[in-house]
Amino acid sequence: MPTITFITAEGKEHAVTAEIGRSVMEIALEKSIPGVVAECNGSAACATCHCYFDPAYADMIGAIGEHESDMLDFTASPRRPESRLSCQVRIADALDGMTVRIPAMQ
Amino acid sequence: MAHAVPVVSDIAFSDLLIDPYPIYKRLRDMASAVYVDAAQLALVTRFDNIVAIERDSETFASSNPGSLVNKVMGHTMMRKDGEAHATERRAIEVSFRPGTIKNHWAAQFEAISDGLISAIENQGEADLFDALAAPMASLALIELLGLREVSWQTLARWSQALMDGAGNYSGDPEISARATEASAGIDAAIDTVLAWHRENPNPAVLSSMVNAENPMNLEQIRANIKVIIGGGLNEPRDSILSLSLGLLSNPPQLAEVMANPDLWPLAFEEAVRWISPIGMYPRRVTRDVELSGVHLRAGDQIGLCVGAANRDDRRFENPDSFDLFRPKQPHLAFGAGPHFCAGAWVARQMVGRIVVPMLFSRLKNLRLRPDAPARIHGWVFRGPVSLPVAWDA
């Protein structure tokens, strides 16, 4: 299983192994990573699982959908080029070693 | 060792309607789920339990064969789970996206709000329920759905009739008749405009339903429009009033928000935490399961009291006070999980960014009337039912 590393807003690192096919948001909740709120549990309706994804993996995490992009314009922390809703990114082998930064506010 | 669900028999239904919060505190401190005779449901009142339940829709289902909602409105997405729910939800999503709201609906909400406030501006006093909140919520919903030639009073009447019908556990024939009549009225109103929406794609909900990648059939359209009418009118209405009441009751916070408009979104979130417009909604237990030491059985009906969770003192300090400066953390006023309120962004924009800011900037020295105090009522749906105010006209 690939390993991904969450980095909280305070800089604390949590390296976890992640099951293929699940969303990054689900992994964060399952491993009790602080700062991923996910109010809507993966429906892309609440914009509270916003994370900053390692740009080196941009080609491997899939494209941003129109709806997701719209939600990202309304996140509590600023949208950046590497912003994604973590509920929309699926774990795959190619993501081994990726870091995911959690914003200060959801 | 898990215990059976404790039972409480000494709570009157009227106590819940008048002020549920002391009852909620008692239930929260008693157990994770408590069967309340007056409500005929096991009530879940702790924040963490509700979050956990909403993350497990297989064990705690929204679908319910015996649901009165289904009987009154048809088979709506609110009472479906999994892919059946997700497909219908995706069909309407585009109408409720934050970008669609900002670029399309905001201007319409502003025009409606401006018209209503202009009409009372010179009066010097009004009850904000009738003068602003009720017509605002209804007129905005008519636009959002894409209905035409329906008055705000008619839509408000339909909404109330559907909700009364959905809560008609005693089978009162008069309530059933009113719900049936409202249902027929809504079907006819949809028929009038549906072909137009099919031919003229636009951001309205009816257009999204027929022009989606997986369009809804007529039965789905009728049921889901009804659930949006039943469930989409009270909440903006009541949150307009709760936000106004919260600020009018706390002048120092009002002064801060007037000096710094960036605080409006925080004030809105605090208002719906403080008095959550939807206080309780049901789930059905599908298998025997333990919930924090209480044994729930397959088939149990449980009521998730988000109005109680939002005042859980394990989570919020001084939970009964309105304090927009409290540390920012999630609340459950929009629910959680797959059924997270589809209209959340509409409400944030309409109530928190447009109507209430416009109200306070246009009506100078807006204040409560000591001779006519606000009245707040309800528990399943809760909000101010009267909010008399005065201003310098």
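Contact, in this talk, means heavy atoms within 4.5 Å. With that in hand, take A:Phe6. Leaving out residues up to four places away in sequence, A:Phe6 touches A:Lys12, A:Glu13, A:His14, A:Val16, A:Val24, A:Ile27, A:Ala28, A:Ile33, A:Val100 and A:Ile102.

Some housekeeping before I go on. This is a predicted model, in which local features need pLDDT of at least 70 and side-chain atom pairs count only at pLDDT 80 or more, while totals for chains, interfaces and linings use all residues. Residues are numbered from 1 along each chain as its sequence is written, chains are lettered from A and ligands numbered from 1 in the order in which they are written, and side-chain values use heavy atoms, with hydrogens and water left out.

Back to A:Phe6 and the core. A nonpolar core is a set of buried Ala, Val, Leu, Ile, Met, Phe, Trp, Tyr and Cys residues joined through side-chain atoms within 4.5 Å. Buried means under 20% relative accessible area, exposed means over 50%, and partly exposed is in between (1.4 Å probe, protein chains only). The largest nonpolar core has 164 residues, and the members that touch the most others are A:Phe6, B:Ile225, B:Leu243 and B:Leu296. Which helix gives the most to this core? That is helix H7 of chain B, residues 128-145, with 13 residues. Helices here are DSSP runs (H or I, at least four residues), as are strands (E, at least two), and both are numbered from the N terminus.

Next, the contact between the two chains. It takes 17 residues from chain B and 18 residues from chain A. The size of an interface is often given as the accessible area lost when the parts come together. Buried area is that loss, with a 1.4 Å probe, summed over both parts. For chain B and chain A the figure is about 1,500 Å², 58% of it on carbon and sulfur atoms. On the chain B side, B:Arg55, B:Arg97 and B:Trp345 lose the most area to chain A, together 36% of what that side buries.

How many salt bridges are there between the chains? The count is 1. A salt bridge is a side-chain nitrogen of Lys or Arg within 4 Å of a carboxyl oxygen of Asp or Glu. Here A:Glu66 pairs with B:Arg97, with 3.4 Å between the closest N and O atoms. There are also 7 residue pairs in polar contact between chain B and chain A, both residues at pLDDT 80 or more. A polar contact is a pair of N or O atoms within 3.5 Å; within protein, one must be able to donate a hydrogen and the other to accept it, and residues adjacent in sequence count only if both atoms are side-chain atoms.

On the side of chain B that touches chain A, helix H5 (82-96) and helix H6 (98-120) are the elements that give two or more residues. H6(B) gives the most, with 4 residues.

Over all chains, the whole structure has 33 salt bridges. B:Arg362 and B:Asp114 meet at 2.8 Å, N to O. They link distant parts of the chain, helix H16 (residues 344-362) and helix H6, 248 residues apart. B:Arg362 is partly exposed at 24% relative accessibility, and B:Asp114 is partly exposed at 32%.

B:Lys226 and B:Asp187 also form a salt bridge, at 2.8 Å, N to O. B:Lys226 is in helix H11 (residues 218-231) and B:Asp187 in helix H9 (residues 173-199), so the pair ties together parts 39 residues apart in sequence. Are these two residues buried or exposed? B:Lys226 and B:Asp187 are both buried.

B:Asp392 is in the segment after strand E14 (388-390) and B:Arg367 in strand E11 (residues 367-368), 25 residues apart.

Last, two buried residues of chain B. B:Ser159 lies in helix H8 (residues 152-166) and counts as buried because its relative accessible area is 1%. A polar atom of the B:Ser159 side chain lies 2.8 Å from the backbone oxygen of B:Ile229. Apart from neighbours within four places in sequence, B:Ser159 is in contact with B:Ile229, B:Gly230, B:Leu233 and B:Asn234.

B:Gln253 is in helix H13 (residues 251-259) and is buried, at 10% relative accessibility. Residues up to four places away in sequence aside, B:Gln253 touches B:Leu247, B:Phe322, B:Asp323, B:Leu324 and B:Phe325.

Notes. Buried area = accessible area lost by both parts, 1.4 Å probe.
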